[in-house]
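Here's a quick tour of a structure, taken one piece at a time. Have a look at it first.

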Amino acid sequence: MKIVTTAKRVPDTTDVKTDPKTGVLIRTGIPTIVNPDDLNALEAALQLRDEVGGDSTVETVTMGRDVTIIKVHELLGMGADHSVLLSDRCFGGADTLVCSRTLAAGIEKIGDYDLVITGHQAIDGDTAQVGPEIARRLGIPCVTCVIDIKLKDEKTIEVVRELDDGTETIEAPLPCLLTVNSKINTPRYMTINNIVESYNSEDELLSVWNHEEIGLDPTECGLKASPTQVVRTYSPAPKGAGEMLEGTVPQMAASLVGKLAEKHLIK
Amino acid sequence: MDLKDYKGVWTFAEQHDGELLGVSIELLGEGRKLADALGVELSAVLIGSGMDELAKTLVEHGADNVYVADDPILAQYQNDSYSKVIKEAIDKYKPEIVLVGATHEGRELAPSVAAMLETGLTADCTALAINDDGNLVQTRPAFGGNLMAEILTAKHRPQMATVRPGVMDKAKKNADNKGNIVKLDADVKPEDIRTKIVEQVREVAGKISLTDADVIVAGGLGLGSADGFKLLQELADEFTNGTIAASRACVDAGWIDHSYQVGQTGVTVKPQIYFACGISGMIQHVSGMKGSKYIVAINKNPEADIFDIADYGIVGDLYEVVPAIIEEVKKAKAAAAEE
């Protein structure tokens with residue numbers, strides 16, 4: 001079985017700050033991580049690979065600048081068999097639609113996949129769009145928010161997905177695409193051996209592909225090809241100051257309920 | 001692509017087992033404002049089986065047209081069938097704007113359709129407007145709510161956006177509204193649907209949904225343990241449409257199910273009253289509840305960020321303050337009953 005997962009390098013969002021004067025995002029010196037849901041995707045793939053055994057493999061695809069290669073080594077460190085970094089100046093600034101085009105082209109080049117697993121969403125954008133968009137481009141069925149995966153037979157998979165108000169068990173033919181988040185598993189740690197191996201055997205374990213190698217024209221890539229464009233960013237305005245209640249606990253409680261009752265909120 | 005060929009505002013009317021979701025009516029409320037600003041018609045797209053009544057409901061809530069695909073094969077949402085129906089309808093009628101609720105279903109369906117149409121899709125919008133060029137200005141939070149971004153899809157049509165449930169005002173119902181109900185000739189064959197639903201488990205009825213609640217009593221790490229939610233539930237029960245909720249920290253600690261989580265990666269809510277009990281006020285949480293009409297913050301730490309956005313702040317131990325509030329609410333209700 002050949003499983004492909006996607007992974008994105010993202011800023012560690014809790015550390016993201018905006019310049020109070022300009023409202024512009026401060027990007028310098030911000031640590032980056034592999035997007036958490038993508039680690040769950042890789043973990044799910046590794047578990048399936050080990051369950052099926054034989055000549056099963058897990059490959060990963062990542063899009064990013066040269067420096068992203070450090071994060072790709074982390075994926076190999078977790079146990080991926082081979083990793084691809086799609087890196088090209090013309091890929092920069094892609095929105096979700098163009099991102100999915102680029103990643104799908106990378107997955108097509110890997111080829112012969114039985115299953116694609118992506119993280120549900122990335123913590124920098126929270127869009128959850130790239131997975132379903134890749135599925136459409138590859139022409140395979142898509143199930144999002146998957147919390148359990150079972151192989152039924154060589155050609156069929158049974159998954160449990162979350163709904164807004166419950167869960168749904170879905171049977172899908174292979175190949176298909178699943179998106180997963182932290183509920184499905186706990187990602188394993190990297191091992192020292194894997195990391196050492198990933199650097200020693202970088203030539204065999206890690207490929208870097210540009211637009212030509214995945215058959216895309218620069219006009220189809222990056223910011224210029226993206227239908228959505230960010231025209232303005234700003235920090236949200238803080239709400240006006242409220243009122244701090246004072247006195248003993250019973251006094252504050254009485255004062256609060258009195259104010260809410262005045263507004264006809266206690267019925 | 002000639003942008004002028006595309007006209008009208010569409011909303012996707014999500015329904016489960018014959019019941020419209022609240023967000024479907026919110027989209028009509030927002031869609032009406034956009035359609036009026038553009039001087040075009042507002043239409044809803046409805047997919048399911050036995051949809052006659054719901055189509056009328058959508059007209060009563062302001063849809064000038066309801067495009068209906070009504071077929072037993074469409075009774076349940078399936079990605080393959082629903083995206084095919086919507087894609088073909090958009091190809092035929094060419095709306096300039098398509099709005100979809102940012103529910104589990106909508107966040108899977110919308111990108112599927114956007115990829116088929118090769119158009120832009122903006123996720124989880126919290127505000128929408130029309131600019132001087134007649135383009136849709138889509139505002140959404142990014143980086144955990146630290147930043148707001150305005151996004152345009154100026155050169156592609158339709159302009160697609162998902163909208164967070166609970167953010168927009170619902171359309172008002174008016175039985176005198178008139179609208180056309182247009183049947184879509186949806187040609188979906190069993191072989192078009194590659195996935196199969198084996199089983200559905202809906203959560204127990206009776207639970208009040210966070211987005212529809214009038215009063216929310218939310219707990220954070222300050223609760224100290226899962227047991228604390230029992231006390232919060234007592235306060236919630238004092239209100240006819242009250243429920244408990246939680247910050248992400250409580251969900252991560254395993255104290256409560258994810259479905260109760262308010263915030264950036266949870267649900268966006270805007271109740272009449274939001275009690276934030278032992279919640280520090282991280283921006284990710286605040287982005288999901290700052291639209292509440294009145295925010296009451298209860299926290300031991302007078303420096304907690306939550307007080308910055310609270311309408312009423314009480315510094316104290318929530319295990320003392322919440323019981324005192326419950327007592328006062330009981331008194332106030334008794335007094336109101338005597339009047």
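This is a predicted model: local features need pLDDT of at least 70, side-chain atom pairs count only at pLDDT 80 or more; totals for chains, interfaces and linings use all residues.

Let's start with strand 8 of chain A, residues 115–119. Here 5 of the 5 residues are buried, so the strand is largely enclosed by the rest of the structure. Leu115(A), Ile117(A) and Gly119(A) point one way, while Val116(A) and Thr118(A) point the other.

Strand 8 of chain A pairs with strand 1 (residues 2–7) through 3 bridges, running parallel, and Ile3(A) sits opposite Leu115(A). Strand 8 is also joined to strand 12 (residues 176–180) of chain A, again parallel, by 5 bridges. There, Thr118(A) has Thr179(A) as its bridge partner.

## Helix 1

Next up is helix 1 of chain A, residues 36–52. At 1.5 Å a residue, its 17 residues should span 24 Å, and the end C-alpha atoms are 25 Å apart, which agrees. Its buried residues include Ala41(A), Leu42(A), Ala45(A) and Leu46(A), but also Asp37(A) and Arg49(A).

## Where chains A and B meet

How many residues does each chain bring to the contact? Chain A brings 74 and chain B brings 78. About 6500 Å² is buried between them, with carbon and sulfur atoms giving 58% of that area.

The interface of chains A and B has 6 salt bridges, and one joins the side chains of Glu150(B) and Arg232(A) at 3.1 Å, N to O. On the chain A side, helix 8 gives the most, with 9 residues.

Methods: Residues are numbered from 1 along each chain as its sequence is written. Chains are lettered from A and ligands numbered from 1 in the order in which they are written. Side-chain values use heavy atoms; hydrogens and water are left out. Buried means under 20% relative accessible area, exposed over 50%, partly exposed in between (1.4 Å probe, protein chains only). Helices (H or I, at least four residues) and strands (E, at least two) are DSSP runs, numbered from the N terminus. Two strands pair if DSSP finds at least two bridges between them. The expected span of a helix is 1.5 Å times one less than its number of residues. Contact means heavy atoms within 4.5 Å. Buried area is the accessible area (1.4 Å probe) that two parts lose on being put together, summed over both. A salt bridge is a side-chain nitrogen of Lys or Arg within 4 Å of a carboxyl oxygen of Asp or Glu.
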